[in-house]
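Take a look at the model below. Keep the sequence at hand as you read.

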Amino acid sequence: MSEVVIACERLARRLPGPVPVMLVDGVTFSIARGEFVAITGPSGSGKSSLLYLLGLLDRPTGGRIWVQGREILTLDDDQLAAHRLAEIGFVFQFHFLLPEFSALENVMLPMQRLARLAAPEVRTRGEALLRQFGLADEATKLPSQLSGGQSQRVAIARALANDPVIILADEPTGNLDSAASANVRAILKDLAHRLDRAVVVVTHDREFAADADRIITIVDGQMLPMPGRTSRSAAG
Amino acid sequence: MILQLGARIALRHLLARKRQSLVSLSGIVLGVAFFLTIAALMQGSEEDFIHRLVDNSPHITVKDEFRVARLQPANQLYPQGAIELRHVKPLTETRGIRGYQQILAGLRTMQALRASPVLADQAIASFAGKDVGITLSGMNPAELTVVTTIQNYIVAGSLDALQADPDGIIVGNTLIDKLSLALGENLAVTAPNGQVHAFKIVGEFHTGRSDYDEVQTFTNMKRAQALFDRANRANSIIVKLDDPYRARLVAAEIESRYGYKSVSWQEAWEDLLSTIIVRDIIMYTVVSAVLVVAAFGIYNVISTVVLEKRRDIAILLSMGFRAGDIRYIFTIQGILLGLAGAGLGIPLGAGFMLGLMQVRLKFIGSSEPVPLPIDWSWPEFAIAAGFAIAAALCAGLLPARKAARLQPVDILRGAQ
């Protein structure tokens, strides 16, 4: 079993209000390097909420999360941001590129924020990432000039900019045609299997889920004990 | 690194909505320009006014009176005693400054100061059956140019003629017109004691202040002393200082040294000077309002950017940007607009100021059109720029704080 990079225990997120809603309710699992995991479930089941919790964008109201063995709930917002910057890459349904910046600049932004590399290296790495996803010619284009599939690949390149261990994707193919969708799926799978990243994808695309190493099904915020393709031994 | 990166993102945001940014920018540019122009004009006119005031009036006047009545000898001897004096009749004496020559000699040992004695009194000028009340100031003709600016207002004849002719008199043009006089003619002047003397008009001045031009006359001090029957007396000493703003201090010193009431120009014009302060407050309030209104424009555009950029803010946060970075990005937008506004507004304001300097107005009393007084000193520029940047900073700070408080999850949920 390879190294566990993200784990959660009895994770809960309650949405306060006159009638409190449990978005995520007692979810426990762990994901290791090289795993390609799909989170599925009906709309409004809490899949995305779970992903945001794993991505440290939201704070749980109960339970614990470890990222690379480190308990993160005791950290303050700036420290969480630092973890997101260096260890986690996000890909969203609507590519979410910054519209004023070219494809290359979008990819360079996280690296510039992290400031681990010098400016010329940032550019070289940005160009290399775009080339890797077949976007070498699109580097100077603005997001509005890119197709949906190209945009999503730029978004993936951006998510990989700081070489994170964890890639989280929220319906990455939800907005793409089947060809582009297959392409993105292949890329994400490749990231897990060949580049040894932990890839977690929220999807309600059955085909996509079927391709995953493991499926976590969420219904009403709770994890169903449904067997995935591989054993669930990773949990706990 | 984030400083530069944040500034670049901020700049992109502004450039992405050029029209909106330009509109709010032009608000600040015009605000700065107007602020600068009005401040410079007000400051210039104020300085011009004080300049004239200071130039045309004595900086200090030593008068032949005391601020506090002199104590009776009995009171002086027993300051603690319970003394009551009744029916005291003050000593009859020739009015005037006693021993003014000694005081003058004492004054002249002080630095950066010019002093000259004056014996002035009311008199009546008569010509062709008409009588006009005048103030006859007896002065040393050679010192007239040193302690007064009357030289600048001479329109006919000269001050030198007063020196040459001991019976000469210099009068204002209003008096000349009123009595149908002409240069070289004789004017009979009657003193309060009944003495009459015929003066020869050797000079005419026109200051533009009509009462002054009608009432004020100058003659030789000796002649005035003889006419008023007050030999060797002066009833005031006019003092001019190299630095008029020291007048209060010097006046206090003179008064403590000689006892005579010494009035600085600031004291004499106190009500006027307080009016100027009020005027300044009004001016700065009004022109600041222009910039405050412009700041609302900035607030508006940055608030709009924050609203439109909610998704981008969520993206930046998910990428690992901190809330502080987001606040910085939007605050910088305000500062950028403020800097650009100040940078463009100052040249524009300077242009307005140059334009106003071309305007020449003929004021009543001035012989030729004079340019509007514009003050070009740096404090106005600094205040205009500083206020613009501060206003823009505040206008950016509010939406920036709001942006930094956004929860990425709320935005992402809404967008999915």
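This is a predicted model. Start with helix H3 of chain A. Of its 12 residues, 10 are buried, so H3(A) is largely enclosed by the rest of the structure. Buried here means under 20% relative accessible area. The buried residues of H3(A) include A:Leu104, A:Val107, A:Met108, A:Leu109 and A:Met111. A:Asn106, A:Gln112 and A:Arg113 are also among them.

What do the buried residues of H3(A) pack against? Part of the answer lies in chain A: H2, helix H4 (119-132) and helix H5 (148-159). Just after H3(A), A:Ala115 has a positive phi of about 55°.

**The interface**

Now turn to the meeting of the two chains. In general, the size of an interface is often given as the accessible area lost when the parts come together.

| Feature of the A–B interface | Value |
|---|---|
| Residues of chain A in contact with chain B | 28 residues |
| Residues of chain B in contact with chain A | 27 residues |
| Area buried between chain A and chain B | about 2700 Å² |
| Share of that area from carbon and sulfur atoms | 60% |

Three residues stand out on the chain A side. A:Phe96, A:Glu100 and A:Arg113 supply 27% of the area that chain A buries against chain B, more than any other three residues.

Polar links cross the interface too. There are 3 salt bridges between chain A and chain B. One pairs B:Lys309 with A:Glu100, and their closest N and O atoms are 2.2 Å apart. Residue pairs in polar contact between the chains number 6. Helices of chain A take part in this side: helix H1 (47-54), helix H2 (77-87) and helix H3 (103-114) each supply at least two residues of the side that touches chain B.

A:Glu100 has another neighbour in chain B. B:Asp312 touches A:Leu98, A:Pro99 and A:Glu100. B:Asp312 sits in helix H13 of chain B. Is B:Asp312 buried or exposed? Its relative accessibility is 6%, so B:Asp312 counts as buried.

**A patch on the surface**

Chain B also has a nonpolar patch on the surface, formed by B:Leu30, B:Phe34, B:Ile38, B:Val290 and B:Leu348. Together they have about 340 Å² of accessible area. Helix H2 of chain B (residues 18-56) gives the largest share of the patch, 3 residues. B:Phe34 lies in this helix. B:Phe34 has a relative accessible area of 37%, so it counts as partly exposed.

Terms used. Residues are numbered from 1 along each chain as its sequence is written. Chains are lettered from A and ligands numbered from 1 in the order in which they are written. This is a predicted model: local features need pLDDT of at least 70, side-chain atom pairs count only at pLDDT 80 or more; totals for chains, interfaces and linings use all residues. Side-chain values use heavy atoms; hydrogens and water are left out. Patches are made of residues with over 30% relative accessible area and no salt bridge: like charges are joined within 9 Å, nonpolar side chains (Val, Leu, Ile, Met, Phe, Trp, Tyr) within 5 Å. Accessible areas come from the Shrake-Rupley method with a 1.4 Å probe; for residues, only the protein chains shown count as cover. A salt bridge is a side-chain nitrogen of Lys or Arg within 4 Å of a carboxyl oxygen of Asp or Glu. Helices (H or I, at least four residues) and strands (E, at least two) are DSSP runs, numbered from the N terminus. Buried means under 20% relative accessible area, exposed over 50%, partly exposed in between (1.4 Å probe, protein chains only). Contact means heavy atoms within 4.5 Å. Buried area is the accessible area (1.4 Å probe) that two parts lose on being put together, summed over both. A polar contact is a pair of N or O atoms within 3.5 Å; within protein, one must be able to donate a hydrogen and the other to accept it, and residues adjacent in sequence count only if both atoms are side-chain atoms. Lists of a residue's contacts leave out its neighbours within four places in sequence.
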